[in-house]
Amino acid sequence: MSKPTSSAPSQRMLRVGEQVRAAITQVLQRGEVRDDLIEKTVISVSEVRMSTDLKVATAYVTPLGVPEHAAVVEALNRNAKYIRGRIGGQLRQMKYMPEVRFRDDTSFDNYKKIDELLRSPEVQRDLDGGSEDKE
């Protein structure tokens, strides 16, 4: 069997990543992590990317309603081993339980910047076809 030539994730990586995301979300929703900052914060797990050997899971999270995300991400990383143990029951089919790492998801900020650019007067003027210049 030859190795894939693209750097895109395989179907297996995507499937396992989604299973890990669902397991982490359930642990956080049930309030199983005993950390004051995590307990009082609503955390959205938007994506989990798996390493090619499925031994490392990088979870991209967004703490909702919190202006400073770094403290929440740090608290999640402090409790990563505990969370790893709690998701083990839901991922029994895996040969190795992945090490869980948490990162701040900045994609929403990028989407906001793109939206602001598209709504700017300069772009709106270009989209109108420059009708003011022809008059």
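Glu-74 and Arg-78 form a salt bridge in which the closest N and O atoms are 3.6 Å apart. The two residues are four residues apart in helix H3, so about one helical turn separates them. The model described here is a predicted one, and the distances in this report are computed from its atoms.

Asp-35 is buried, because its relative accessible area of 13% falls under the 20% limit.

## Other salt bridges

How many salt bridges does the structure hold? The count is ten. Side chains of opposite charge can pair when their charged atoms come close.

Another of the bridges is formed by Arg-125 and Asp-126, whose closest N and O atoms are 3.8 Å apart. Arg-125 is partly exposed, with a relative accessible area of 44%, whereas Asp-126 reaches 55% relative accessibility and counts as exposed.

In total the protein carries 22 positive and 21 negative side chains. The centres of these two sets lie 14 Å apart.

## Overall fold and dimensions

The protein has seven helices and three strands. Along the sequence these elements follow the pattern α-α-β-β-α-α-β-α-α-α.

The radius of gyration is 20 Å, whereas a compact globule of 135 residues would have a value near 14 Å. Taken along the principal axes, the C-alpha atoms fill a box of roughly 70 × 50 × 20 Å. Of the 135 residues, 33% count as buried. The exposed surface comes to about 9600 Å², and carbon and sulfur atoms supply 50% of that area. Among the contacts with a separation of 6 or more, 61% involve residues 24 or more positions apart.

Thr-62 is located in strand S2 (residues 56–64). With a relative accessible area of 8%, Thr-62 is buried. Which residues does Thr-62 touch, not counting residues up to four places away in sequence? They are Val-42, Ile-43, Ser-44, His-69, Asp-105 and Phe-108.

Leu-54 lies in the loop between strand S1 (42–50) and S2. Leu-54 is buried, with a relative accessible area of 8%. The phi angle of Leu-54 is near 65°, a positive value in a residue other than glycine. Most residues other than glycine have a negative phi.

Gln-29 is placed in helix H1. Its relative accessible area is 66%, and Gln-29 is therefore exposed. The C-alpha atoms of Gln-29 and Gln-19 are separated by 15 Å, and the two residues are ten residues apart along the chain.

Ala-70 is found in helix H3, the helix that also holds Glu-74 and Arg-78. Ala-70 counts as partly exposed, at 44% relative accessibility.

Conventions. Residues are numbered from 1 along each chain as its sequence is written. This is a predicted model: local features need pLDDT of at least 70, side-chain atom pairs count only at pLDDT 80 or more; totals for chains, interfaces and linings use all residues. Side-chain values use heavy atoms; hydrogens and water are left out. A salt bridge is a side-chain nitrogen of Lys or Arg within 4 Å of a carboxyl oxygen of Asp or Glu. Buried means under 20% relative accessible area, exposed over 50%, partly exposed in between (1.4 Å probe, protein chains only). The radius of gyration is taken over C-alpha atoms; the globule rule is 2.2 Å times the number of residues to the power 0.38. Contact means heavy atoms within 4.5 Å. Accessible areas come from the Shrake-Rupley method with a 1.4 Å probe; for residues, only the protein chains shown count as cover. Lys and Arg count as positive and Asp and Glu as negative; His and the chain ends are not counted. The place of a charge is taken as NZ of Lys, CZ of Arg, CG of Asp or CD of Glu.
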